[in-house]
Amino acid sequence: MKLVILGGSGSGKSTQAEKLCKHFDVPLISTGEILRSAISNEKSGNGYSTLNQLGSLTQPYVEKGELVPDEIMIEFIKVRLNQEDVNRGWILEGYPRTAFQAEELDFLLDSLEQKINWAIYLQVAEAVMVSRSLGRSLPDDQPEIVQRRVELFYDRTVPILEYYDRRRRLLTINGDYSPEQVQHNILTLLG
């Protein structure tokens, strides 16, 4: 199973991605975790240490709540998708964030002879995104950064939804329910 989880900050992407990884027994590829790990130069068994050189390029963007430039993110994803643990499938959370990235991801997957099964969009109201984000304890969840991420989400994510919808690969899920109900709804649609 190869899934992309889409949604704004605080939509439940990470929660659902983790639940689905356990359900399908595939690795989670979380760009947020990759970026935080690379920026803090953490070493890990997942091969993220090889991404640390890209980390210094991303730090200024992350600190301002801006999106990391496409060409840098694509390099992160390329390195990660070339690791052995993704052979049985994967769930990608936090990427793509622009229509260009979605297209580049498809090109990359074609070169790796892979395809996305579904892009799952967790749809939640803006107020819910903001309140959930501010309730977390991540260092980059400051009010002004959260608000900026929500604005960027609306500006850049709608074209991604259109991209996957045109390719008949988009599942839209109401993310306002409990995490268990949202997971149940996703699994029901996945069949």
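A residue is called buried when its relative accessible area is under 20%, exposed when over 50%, and partly exposed in between (1.4 Å probe, protein chains only). At 7% relative accessibility, Thr157 therefore counts as buried. Thr157 sits in helix H7; here helices (H or I, at least four residues) and strands (E, at least two) are DSSP runs, numbered from the N terminus. Contact means heavy atoms within 4.5 Å. With neighbours within four places in sequence left aside, Thr157 contacts Arg97 and Leu152.

The model is predicted: local features need pLDDT of at least 70, side-chain atom pairs count only at pLDDT 80 or more, and totals for chains, interfaces and linings use all residues. Residues are numbered from 1 along each chain as its sequence is written, and side-chain values use heavy atoms, with hydrogens and water left out.

The chain contains 8 helices and 5 strands. Their order along the sequence is β-α-β-α-α-α-β-α-β-α-α-β-α. The C-alpha trace spans about 40 × 40 × 30 Å along its principal axes. The radius of gyration, taken over C-alpha atoms, is compared with a globule rule of 2.2 Å times the number of residues to the power 0.38. For 191 residues, a compact globule would have a value near 16 Å, and the chain agrees because its own value is 16 Å.

Of the 191 residues, 49% are buried. Among contacts with a separation of 6 or more, 72% join residues 24 or more positions apart. The chain exposes about 9,600 Å², of which carbon and sulfur atoms supply 49%. Accessible areas come from the Shrake-Rupley method with a 1.4 Å probe; for residues, only the protein chains shown count as cover.

An unreviewed UniProt entry places the feature "binding site" at Gly10, Ser11, Gly12, Lys13, Ser14, Thr15, Arg136 and Tyr177. Such annotations may be inferred rather than shown by experiment.

Arg136 lies in the loop between helix H6 (126-134) and helix H7 (143-166). Its relative accessibility is 35%, so Arg136 counts as partly exposed. Beyond residues up to four places away in sequence, Arg136 touches Ser9, Gly10, Asp141 and Arg149.

Tyr177 is found in the loop between strand S5 (170-174) and helix H8 (179-190). Tyr177 has 46% relative accessibility and therefore counts as partly exposed. Not counting residues up to four places away in sequence, Tyr177 touches Arg132, Val182 and Asn185.
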